[in-house]
Each structure stands twice: as C-alpha cells, then as structure tokens.
Amino acid sequence: MVVPERGVDVALTVEPGQTLALSGANGAGKSTVLSAVAGWLRPESGHARLGERALFDEHTWIPARRRNVGYLTQDPLLFPHLTAEANVAFGLRRAGVVSRAQRREVARNWLDRLGVGHLAGRRPHQLSGGQAQRTAIARVLASEPDLVLLDEPLAALDAQAVPQIRELLAEVLTGRTTVLVSHQAADLRALADVITTIPAPPPSA
Ligand SMILES: Nc1ncnc2c1ncn2[C@@H]1O[C@H](COP(=O)(O)OP(=O)(O)OP(=O)(O)O)[C@@H](O)[C@H]1O
C-alpha cells in the first residue's frame with residue numbers, strides 16, 4: 001500500500017494464525033499501516049486482502065465496521081460512561097451476538113480471561129492503567145475478529161504490569177492472525193512469529 005503524504009510504501013503478508021511484528025523507527029509508518037488495514041485511513045493506492053476478502057483495492061473500500069478486524073490503538077479509549085463489562089459487550093451486537101444476556105456473558109468471560117472479571121462493574125476512571133489495558137484487550141478480542149491489530153499494546157503500562165500482560169497476550173493471541181507494532185525486543189521475542197522492519201522514510205519525506 002502507498003500513503004505518499006506519510007512516506008509509506010510497503011508490502012506485507014501475515015500467514016493465518018501467525019503474529020507479524022512491525023518494527024522500525026519513529027515515523028516509519030507502522031501505525032499508518034495498521035490504520036489502513038483497519039479501515040480508518042484510505043491509502044492512495046495498493047490493496048489489502050484478508051483471506052479471500054478484499055478489504056481495499058482500486059475498486060473496493062470495505063468500511064471499518066464491516067472488516068471484522070480488531071484494532072487496539074496506541075492509546076485505546078474506553079467509553080467513559082460505560083462499565084468495563086459494557087465496554088467489552090459494546091461491539092458484540094454488530095458481531096452478531098443477538099441476546100443481551102449472551103453479550104454480557106461473553107464480555108464477562110473475556111474480562112475473566114484477562115484477569116479483570118472482578119472489576120466488570122467499574123467505569124474506566126476507576127481502573128488502573130494496566131486494568132484499563134486488559135479491558136481494552138478484552139474488548140478487541142471479544143468479537144472474535146478475523147485479524148487482530150495491536151499498536152504498542154504494552155508501551156503505556158507500568159513496567160511492573162508489563163511481563164504479566166505480555167504473557168497473557170501470548171496466550172490469547174495463539175492461533176490468531178495478528179499484526180503487532182512494538183519497539184520492545186522482549187515483546188517481539190514473546191509474541192512475534194515473524195518480524196518485519198519498516199524502513200524509515202528519507203529525511204525530506
Ligand atoms: N494523523 C496524521 N496526520 C498526518 N500525518 C501523520 C499523522 N499521523 C502520522 N503522520 C505522519 O505519518 C508518518 C508515519 O507516521 P506513523 O505514526 O505511521 O509512524 P510509526 O512508525 O507508527 O511511528 P511511531 O513509532 O513513532 O509510532 C510520519 O511522518 C508522521 O508524522
């Protein structure tokens with residue numbers, strides 16, 4: 001894909017069930033690639049395919065809400081007026097979970113899996129950074145996306161919280177097709193099957 005205004009011109013493939021890690025200098029375009037795959041930004045040219053489905057190409061633009069791609073941004077925002085459970089349940093209606101009780105149950109199970117089930121009734125301002133990040137990860141995975149995009153999922157966390165959440169991520173990402181952005185060697189070792197470095201654009205770009 002090519003996003004000339006951001007100096008991005010890359011070609012990447014991730015095999016089903018694997019985690020591809022993107023590394024590279026600040027400003028190289030890692031977040032831009034994730035935004036385009038998620039459907040938040042339209043590249044000037046290029047294409048992306050998820051299995052047999054075109055996400056975008058010269059003729060096609062599938063909107064973000066219909067891609068079934070889970071995207072954890074660098075600074076994921078939980079809805080401040082909703083509880084942790086409601087935050088996780090939020091996207092499940094669109095993901096086809098029709099019954100409210102079932103949405104609650106799925107959300108609860110994911111919060112449990114991420115170790116924050118006991119905080120399901122709290123609102124985001126009542127959660128620590130690590131607890132909020134666990135909730136945000138649960139929200140991304142609960143809708144069983146075909147592709148998971150994670151932009152620096154551990155970068156904003158207290159150093160003490162990192163190893164445990166990294167281990168959890170390694171567990172929940174097993175078998176899921178994932179593109180991960182990280183600068184941390186320990187994250188790449190623990191989470192990546194393949195690592196690709198996006199070259200920095202020339203200084204004039
Ligand atoms: N919202 C935006 N509007 C315009 N330009 C942007 C925007 N976000 C990023 N850019 C530019 O696009 C280029 C690629 O940025 P991007 O955030 O994709 O890089 P990155 O590799 O994710 O960097 P980092 O490691 O610092 O997060 C940079 O030159 C950046 O200044």
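Q: How are helices and strands assigned and numbered here?
A: Helices (H or I, at least four residues) and strands (E, at least two) are DSSP runs, numbered from the N terminus. In this structure, the loop between H4 and S7 holds Glu-144. Residues are numbered from 1 along each chain as its sequence is written. The model is predicted: local features need pLDDT of at least 70, side-chain atom pairs count only at pLDDT 80 or more, and totals for chains, interfaces and linings use all residues.

Q: What span does helix H4 reach from its first C-alpha to its last?
A: The expected span of a helix is 1.5 Å times one less than its number of residues. H4, with 14 residues (129-142), reaches 20 Å, close to the 20 Å expected.

Q: Is H4 mostly covered or uncovered?
A: A residue is buried if 20 or more other C-beta atoms lie within 10 Å of its own, exposed if 12 or fewer, and partly exposed in between, with C-beta atoms placed from the backbone. In H4, 12 of the 14 residues are buried, including Ala-132, Ile-137 and Leu-141. The cover over these buried residues includes strands S6 (69-72) and S7 (147-151), together with helices H2 (84-89), H3 (100-113) and H5 (162-173).

Q: How are the axes of H4 and H5 placed?
A: Two packed helices are described by the angle between their axes and the distance between the axes. Axes are lines fitted to C-alpha atoms, for helices over the stretch in contact, and angles run from 0 to 180 degrees between N-to-C directions. The axes of H4 and H5 come within 12 Å and cross at roughly 10°. Angles under 35 degrees count as roughly parallel, over 145 as roughly antiparallel, 65 to 115 as roughly perpendicular and the rest as oblique. H4 and H5 are therefore roughly parallel to each other.

Q: Which residues of H4 and H5 meet?
A: Two residues are in contact if their C-beta atoms, placed from the backbone, lie within 7 Å. Gly-130, Gln-133, Arg-134, Ile-137 and Leu-141 in H4 meet Ile-165, Leu-169 and Val-172 in H5.

Q: Which phi does Glu-144 have, positive or negative?
A: Most residues other than glycine have a negative phi. Glu-144, which follows H4, has a positive phi of about 50° although it is not a glycine. Glu-144 is partly exposed, with 14 other C-beta atoms within 10 Å.

Q: Where is Glu-152 found?
A: Glu-152 is in the loop between S7 and H5. Its phi is positive, about 50°, although Glu-152 is not a glycine. With 19 C-beta neighbours inside 10 Å, Glu-152 counts as partly exposed.
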